[in-house]
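Try each task before reading its solution.

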Amino acid sequence: MKIPDLTELALRNLRESLLRNSLTTIGISVGVASLVAMLSLGIGLQQLFSRRLAKSGLFDTVLVTSRRDLRGMGRDEERNGPAPAESRVLDESARLEIEHLPNVLEAYPDIRFITELRYDDKPHLTMISALPSSAKSKDAFDGMQGTFFSSDTAAEVILQKSFAEELLGKSPSRGVDETNVADLAKPLLGKDLTMRYAQRAPSPAPAATSADGANPADSALAAASYSVISREEKLTIVGVADLDPESMRGPARAKVFLPLKLAESLHVMQPTDLREIARAASDQPVYSSISARVKDPAQVQLVEDAIKKMGFGTFSILDASRGLQQVFRVLYAFLGIFGSLALIVASIGIVNTLVMAILERRREIGIMKAIGASDGDVKKLFFAEAGAMGIFGGIVGVALGWTIGQVINLGTNVYLKRQGFPPEHFWSVPWWLVVFAIVFAFAVSLASGLYPAGRAARLDPVQALRYE
Amino acid sequence: MTTASVVSAARGTVAIRSENLCRHYRMGETLIRAVDGISLEVRAGEFVALLGSSGSGKSSVLNLIAGLDRPTSGTVVVQDRDLAILSREELAKYRLHVVGMVFQSFNLIASMTLAENVELPLRFAEVDRSKREDLARAALERVGLQARMGHRPSELSGGEQQRAALARALINRPQLLLADEPTGNLDSHTGTEIMEMVREFNQQLGMTVVMVTHERALAERYAQRMIFLADGKLIDDRANVPTTAASGGQS
């Protein structure tokens, strides 16, 4: 029998027992809806997490550290590499080498230090970090009040919202972290801060010893020696960032940002300076870490591999997101299994409906066989009926699942709003899930039709014709 | 509808031949010999009546000839096809293209209109929709039901239903018409109408007709040959001169 004829006959047969077939189809719909609801929740949550990670602006950044610092994340490749003491120093030449790697846009030193900032004659101790001018385009500065640095060397500063609160003496109340950044920025923008810092200055050359051609080790040590001078720098507040540009760094994140070139020119004493003193025989600056910005997040892995080959440790948000993807895959599997349970129950309904249909239509099957229907025709007809119920159930189920998702999303957002949180879109039904759900419902229905269709096809026509 | 020449091309040749045909059933400990060693030959274009009391095996023989059932032993060869060795698929094709069947209880599908019932075999034969509709209309016109095409069987009288069943049996231009008590559920007047049609197909289209009936008078009126069965055995096989003229019969 041709497919259009088969479909027409199947639909006609389904219409004949409208109530029963509708109930069975509703069963499938509920199953599909539950599957769609579960999976779209999983997908939505993953997208929410990914969005949150992307907002950090670090998806295209590889953080490079020297293994000497033991700053690796304890991953196998770092444990198995050369001993930390023998690995390369992360100095200016390494930075230039990294910057010249393919797909790397720029590599800038990670200058960060804890120091005192005075505002309104009150001291505030905080972590300060230097930002390259390219950071301006990062999502992290979306919603920032004021402007980005006017130049890479300007004596300007951008504050993170929480530090602005600290300066103004406003402690964020618990659960309400959405203090209006504009309100915070208004009294601060254009005001000056005084930064007190320890400057590393090269020591005067010890002329006597070097002239005598004394011990070369001593002269190397002398070259690495430096003085620490206390300095002050006036900085103008130009911006207050709403988001946390360094959320990836956890507790080590900075709350005050300086232009990179300015920070470099200040020669602020950094923790690594103390560590490197014993061996740094060169006058090159040594960095605790370097951020390498990659052209495209897809190339982060390549760049990371290349940097690892150079003997450095790396960390990127992709590492974190990869782990997250694994977690979500497990979550999908669980949600999928729970979602499918209802569909499996519904498939038993299909078997039941079709077995009932065989009993009721026994004589009809006999007639069809008597006038020339083959076993295959009868089998295909029952398959088509099961498949049609599956497709209808799938379509209705997807719509139902989508509606459930929207309602729950709406309800949750109303709740979030009442709690003072911004609304979130954590429910997502991608097109592939729609197609997958309908195809899955169709496949499950066909599988459910296997037994009844086979049974109908095997009916003895003589017996079937005798059936009243 | 096909021309007489197509169907009756092989008139006079052997259409059905059975040799020592047996169909036994086991019912618990008892062996039922529904058909027990029947050998017969039916020539193409013949109108044969199978007669016998209830349980004599006449319907079982008809089912074996129709390819609805398989013999326990013996052979049944129809139009040079040995039905005992055909696969289920081949038997279905045989029923679709070679045989037309009419039943006592009409056996129309209640959920379908007359036109849909009549064209159902054409769906199995994968005939195009437009051609199917034309053929179904022509078949229903032939049995005088052109005005009832869109009606369901439950809206028709018994005679009309049997006429529709006849139209369905003929739609695939079969060489063999098998009728199982075709007038059993009809009053005598309607029964005569149906039998006249059957005879018309036999005479005008040269179709071989095998009719099962327990009414001897009906057989004598229409059949050219009467085969008597009892307890699954052939007990008599005699020629008969139909008592009604081809132009029309009396009930």
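**Exercise 1: a helix and its surroundings**

Task: find which residues of helix H3 (residues 88-97) of chain B are buried, and what they pack against.

Solution: Bear in mind that this is a predicted model. Start with the burial test, which asks for 20 or more other C-beta atoms within 10 Å. In H3(B), Leu91(B), Ala92(B), Tyr94(B), Arg95(B) and Leu96(B) are buried. Next, look for their partners: in chain B these are helix H2 (58-66), strand S5 (81-82), strand S6 (99-102) and helix H4 (114-124). Chain A joins in with helix H13 (362-370).

**Exercise 2: the contact between the chains**

Task: how many residues does each chain give to the contact?

Solution: Chain A gives 17 residues and chain B gives 19 residues. On the chain A side, H13, helix H1 (3-16), helix H14 (375-418) and helix H16 (461-466) each supply two or more residues. Sorting that side by class gives eight nonpolar, two polar and seven charged residues.

**Exercise 3: the largest core**

Task: which residues have the most contacts inside the largest nonpolar core?

Solution: The core has 130 residues, and the answer is Val36(A), Leu50(B), Ile65(B), Ala167(B) and Leu178(B). Helix H2 (residues 18-55) of chain A gives the most to this core, with 11 residues. Now take Ile65(B): beyond its neighbours within four places in sequence, Ile65(B) is in contact with Ile16(B), Val76(B), Val78(B), Leu178(B) and Val210(B).

**Exercise 4: a strand pair**

Task: how many bridges join strands S7 (residues 176-180) and S8 (residues 208-213) of chain B?

Solution: Five bridges join these parallel strands. Within the pair, Ala179(B) stands opposite Met211(B) of S8(B).

Conventions: Residues are numbered from 1 along each chain as its sequence is written. Chains are lettered from A and ligands numbered from 1 in the order in which they are written. This is a predicted model: local features need pLDDT of at least 70, side-chain atom pairs count only at pLDDT 80 or more; totals for chains, interfaces and linings use all residues. A residue is buried if 20 or more other C-beta atoms lie within 10 Å of its own, exposed if 12 or fewer, and partly exposed in between; C-beta atoms are placed from the backbone. Helices (H or I, at least four residues) and strands (E, at least two) are DSSP runs, numbered from the N terminus. Two residues are in contact if their C-beta atoms, placed from the backbone, lie within 7 Å. Ala, Val, Leu, Ile, Met, Phe, Trp, Tyr, Cys and Pro count as nonpolar, Asp, Glu, Lys and Arg as charged, and the others, Gly among them, as polar. A nonpolar core is a set of buried Ala, Val, Leu, Ile, Met, Phe, Trp, Tyr and Cys residues joined through C-beta atoms within 7 Å. Two strands pair if DSSP finds at least two bridges between them.
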